[in-house]
Amino acid sequence: MGERDYNTLLYEKVQAEYDTFISELKTKPVEEVIEKAYEKVMKEEMVCICEFAKHDQKEAKALYLEKYPLDRMYQDWLKSDVSYMDMLRDSVDDSAKAALTERRENARESR
């Protein structure tokens, strides 16, 4: 009998949890769905990460054994000091700089 791959098991469990979350969202009023939009996006990203993750088997098993591993990961994300806004702010700044460079180049070409 082969060893269990807890990364695969974790992904399958997280995907099922996400599917249930989406099914429940579909039954909610529009206002509540909008309020949960951030949670939906973050959980969707976490599912994608889990699909290709190669955690140590003990770590994957520990998460797999959580009753709701996806919600655990989401709640931990909310408590983290990582700023998603900093990454977005950097991206917006990069877009503004690129747009300015493009406008300058187009202005030079049209002379």
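This report walks through charged pairs, aromatic rings and cysteines in the structure above.

The model is predicted, so local features need pLDDT of at least 70 and side-chain atom pairs count only at pLDDT 80 or more, while totals for chains, interfaces and linings use all residues. Residues are numbered from 1 along each chain as its sequence is written, and side-chain values use heavy atoms, with hydrogens and water left out.

**Charged pairs**

Side chains of opposite charge can pair when their charged atoms come close. Here, a salt bridge is a side-chain nitrogen of Lys or Arg within 4 Å of a carboxyl oxygen of Asp or Glu. The whole structure holds 7 salt bridges, including these:

| Pair | N to O distance |
|---|---|
| Glu39 and Lys36 | 3.5 Å |
| Glu39 and Lys43 | 2.8 Å |
| Lys43 and Asp71 | 3.2 Å |

Lys43 belongs to helix H3 and Asp71 to helix H5 (residues 69–79), so their pair ties together parts that are 28 residues apart in sequence. Through shared partners, salt bridges join Lys36, Glu39, Lys43 and Asp71 into one network. Glu39 and Lys43 both sit in helix H3 (residues 37–52), 4 residues apart, about one turn of the helix. (Helices are DSSP runs of H or I with at least four residues, and strands are runs of E with at least two, numbered from the N terminus.)

Which members of the network are buried? The term buried means under 20% relative accessible area, exposed means over 50%, and partly exposed is in between, using a 1.4 Å probe and protein chains only. Glu39 is buried at 10%, and Lys43 is buried at 4%. Lys36, at 29%, is partly exposed, and Asp71 is partly exposed at 27%.

**Rings and their neighbours**

Lys43 also lies over the face of Phe21, 4.4 Å from the ring centre. For a charge to sit over a ring, NZ of Lys or CZ of Arg must be within 6 Å of the ring centre and within 35 degrees of the ring normal. Likewise, the charged end of Lys13 sits over the ring of Tyr64, 5.0 Å from its centre.

Tyr18 and Phe21 are both buried, and they lie 3 residues apart in helix H1 (residues 6–25).

**Cysteines**

A disulfide is a covalent bond between the sulfur atoms of two cysteines. With a cut-off of 2.5 Å between the sulfur atoms, the search finds 0 disulfides. Cys48 is partly exposed at 40% relative accessibility, whereas Cys50 is buried at 4%.
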